[in-house]
Amino acid sequence: AVNGSEAVGVWCSLLSGYLNAKANLHYIAKNGGIFTATNSIKSRLITAQSSLAAWSDFPDEEVPEVDENELKLALSAAKSGMADLIATADCGRILRDGVHTVIIGKPNVGKSTVMNMLLRCNRSIVTDIAGTTRDVVEESVSVGGIMLRLADTAGLRDTQDPVESAGIDIARSRLEQAELIIAVFDGSKPLDSDDFDIINALKGRKFVAVINKSDLPQEVEPANFPISGAITLSAKHGSPQTLEKAIVSALGTDNFDSSAGVLATERQLGCVQRAMAAVDEAVAALDSGITLDAVGVCIDDALSSLCELTGERASDAVIDEVFSRFCVGK
């Protein structure tokens with residue numbers, strides 16, 4: 001049993017922990033990339049909203065009339081900033097969840113060796129016997145700050161072996177689900193119909209085409225390869241830098257600034273999307289000749305959605321802006 005004083009102590013400890021955690025989250029929000037990224041957007045909206053609020057709430061004082069053209073320009077700039085922020089959502093999801101990556105190719109082209117090269121250890125079994133990999137071998141590795149959830153799969157080919165066939169079915173399923181494909185080809189042998197089937201499967205997907213076994217006499221050259229951007233390497237004797245660079249480029253994260261504001265969760269993305277929808281409503285209201293009060297309501301909705309990201313109060317920011325810009329209420 002817990003007596004009254006002990007219970008109070010427990011609750012005080014829990015409350016203290018909660019308040020400390022909340023303070024830490026507030027600090028992160030105030031000093032993180034999201035705060036910086038949204039600050040200029042909010043500033044434009046706060047300035048616009050303060051003009052509307054001062055004009056509406058203090059009709060008897062010398063408040064300048066709202067310039068609708070300037071208001072539209074401010075809303076347009078805010079919308080552009082939100083569009084840029086929404087465009088970071090894919091990078092945010094990649095940073096949060098990693099990238100489901102599948103390594104595919106015919107048997108014995110070096111898929112397992114490519115996986116081992118990326119992992120910098122012998123995780124997958126490598127032999128000269130075609131069809132060694134029959135089940136999916138999975139591992140995770142960080143490439144350019146991005147977590148790849150790698151899956152080494154069975155070689156894709158026609159076979160009568162029921163066990164290998166089951167592995168190939170799993171490989172094709174993983175191929176359909178993958179967010180990134182590393183397609184491996186044997187550069188020491190001419191391309192055949194199985195290779196071209198794999199090339200066709202890459203259309204419309206994010207992929208890296210690897211012409212492997214560059215340590216052997218070559219039958220396949222990047223210049224004559226059916227798809228552009230293929231890289232040549234020796235997974236057995238080479239280093240992973242060339243492949244890692246190609247992976248980062250394929251994901252579009254090569255110019256990504258990890259310190260910049262990124263929408264890392266669905267909640268954050270939803271906040272900005274709601275804010276943009278509210279700005280669109282404000283612009284539509286202006287174009288339709290609806291009263292400026294209605295426009296102000298839309299801008300207020302946009303600000304409230306953006307302020308959800310950092311725990312701020314939109315109304316406080318607007319009030320402060322009104323009294324700093326206009327000589328009212330004195």
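Author: The protein chain has a mean pLDDT (the predictor's confidence in each residue, from 0 to 100) of 78, and 72% of its residues reach 70 or more. Confidence is lowest in helix H1 (residues 4-31), at a mean of 44, and highest in strand E5 (residues 207-212), at 96. Helices (H or I, at least four residues) and strands (E, at least two) are DSSP runs, numbered from the N terminus. Over residues 124-131 the pLDDT is below 50, although this stretch has 19 contacts in the model beyond near neighbours in sequence; contact means heavy atoms within 4.5 Å.

This is a predicted model, in which local features need pLDDT of at least 70 and side-chain atom pairs count only at pLDDT 80 or more, while totals for chains, interfaces and linings use all residues. Residues are numbered from 1 along each chain as its sequence is written, and side-chain values use heavy atoms, with hydrogens and water left out.

The sheet is open and has 6 strands in the order E2-E3-E1-E4-E5-E6, with mixed pairing; two strands pair if DSSP finds at least two bridges between them. Strands E2 (137-143) and E6 (231-232) stand at the edges with a single partner strand each, so one side of each lacks a neighbour in the sheet. E2 runs antiparallel to strand E3 (residues 146-152), and 7 bridges join them. Serine 142 has methionine 147 in E3 as its bridge partner.

Helix H7 (residues 193-201) packs on the sheet, where it touches strand E1 (99-105) and strand E4 (180-186). The direction of H7 makes about 160° with that of E4; axes are lines fitted to C-alpha atoms, for helices over the stretch in contact, and angles run from 0 to 180 degrees between N-to-C directions.
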